[in-house]
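Okay, thanks everyone for coming. I'd like to walk you through a ligand site today, so let's get the model up on the screen.

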Amino acid sequence: MSPTLRSAEPSTFSRILAVGGVRGEYVVPNDDLVGPIDSSDEWIQRRTGIVSRRRASQGVLVQDLAEGAGRSAVEAAGVDPALIDVVIISTVSWMQPTPGMAPIVANRIGASPSAAAYDVNAGCAGYCYGIGQADGMIRSGLAKYVLVIGAEKLSDYADPTDRSISFIIGDGAGAALVGPSDVPGIGPTIWGSDGSHSDAITMTHTWLDYKNASPDEKIDWPTARQEGPSVYRWAVTEMPKMAARAIEAAGLRPEDIDVFIPHQANLRIVDGMAQKLGLRDDVVIATDIVDTGNTSGASVPLATERLLREGRAHGGQIALQFGFGAGLAYAAQVVLLPDAVGAEQTLTAADVAAAAAAAGATTDEAAE
Ligand SMILES: CC(C)(COP(=O)(O)OP(=O)(O)OC[C@H]1O[C@@H](n2cnc3c(N)ncnc32)[C@H](O)[C@@H]1OP(=O)(O)O)[C@@H](O)C(=O)NCCC(=O)NCCS
């Protein structure tokens, strides 16, 4: 008789146990950016809803933001970091192809020494991709605790003279610790991509173009750009259909949704989607874009953290979360909000230097 294969020990359900977040230390109002793009505070507020955005200082790197958000979520959950067996980081602003950011951050926060750790590059949909993966891993028995982080320092990719995207973007990181649950806490993920529109949100050129440019060719550091109107049209026509599918897949109706947490790309898109979906009049809608800006993969967890921390939403409510952007990629799922949320955090260069010095002292003591 041939031997029977044994599969991993599955868990019945998964849920988000806690969220945490970190924003860049500087509050940058529209008036600070309008000069080089011939714009105005009034235009930016009317077309996007953004009043100011958060940006990190040069001494704060994207991995510092990721670490801060990850620690915050894990501490709020009260789970020993050594029990985390997977760390997934959604990012488009990690500046080196290898190694990834996730193994570095997993090590820094004290995740299991054998934790699987990898980065996801799915633009502004990456965090929701990560939550879908965490749910599948936990329910199949591949993992017990998965830390999903969205971390971006998009200001490194901003050209102050670019009118298409640079005035929108901000810096920050948000995180969720996902673990086993007795009740369903994460609905089916509706996800996908449409690479036929991959040019709609992209870079001015690649790092290879930059490297291979001849000395007399003037080529700048690659920066982000987008075809704003076509992305806008795609977002308002196609994305509500995906969000509606996520509600249906979770066995719910639009009126069952208590909290709507879409990617913070543009307040007009957020409001248009809520209307198209037929959500209740009293649904709580995330509006973190107004003073954080668009933080790509970090925007959904940061908006969640903010709603819970400020008491606009609370644990046990049913939330529709939804990421969409570069790729073009998208992912939506209905989740139960967690009770636990980390404290409000900003990260300064002095904080990062002090943490590095403390880590160095601990390493020296261990070596003695
Ligand atoms: C980027 C975005 C805010 C631009 O707003 P818009 O209303 O589409 O603006 P348009 O590009 O159609 O331009 C409208 C007018 O404003 C002008 N304009 C464009 N950018 C401008 C800026 N930054 N400041 C001032 N004026 C601007 C244009 O020149 C145009 O002027 P005209 O009417 O005299 O020709 C909007 O398209 C958007 O939010 N798109 C979706 C972004 C998104 O969801 N991305 C996915 C995730 S990152």
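So, α6 gives the most to the shell around the ligand, with 4 residues. Helices here are DSSP runs of H or I, at least four residues, numbered from the N terminus. Along with α6 (228–249), α1 (41–48) and α7 (267–277) each supply at least two shell residues.

Quick housekeeping: this is a predicted model, where local features need pLDDT of at least 70, side-chain atom pairs count only at pLDDT 80 or more, and totals for chains, interfaces and linings use all residues. Residues are numbered from 1 along each chain as its sequence is written, and side-chain values use heavy atoms, leaving out hydrogens and water.

Which residues come nearest to the ligand? Of the 22 around it, those are S39, R47, Q226, G228 and N266; being around it takes a heavy atom within 4 Å.

Now the polar side chains. R47 puts a polar side-chain atom 2.6 Å from a ligand oxygen, and N266 has one 2.7 Å from an oxygen of the ligand. For Q226, a side-chain N or O atom is 3.1 Å from a ligand nitrogen. On its own the ligand has 960 Å² of accessible area, and the protein covers 71% of that (Shrake-Rupley method, 1.4 Å probe).

Last stop, T295, in the loop between α8 (289–292) and α9 (299–309). Buried or exposed? T295 counts as buried because its relative accessibility is 1%, and buried means under 20% with a 1.4 Å probe, protein chains only. Its side chain reaches the backbone nitrogen of S299 at 3.2 Å, a polar contact being N or O atoms within 3.5 Å, one able to donate a hydrogen and the other to accept it within protein, with sequence neighbours counting only if both atoms are side-chain atoms.

Definitions and conventions: Buried < 20%, exposed > 50% of the residue type's maximum accessible area, 1.4 Å probe, protein only.
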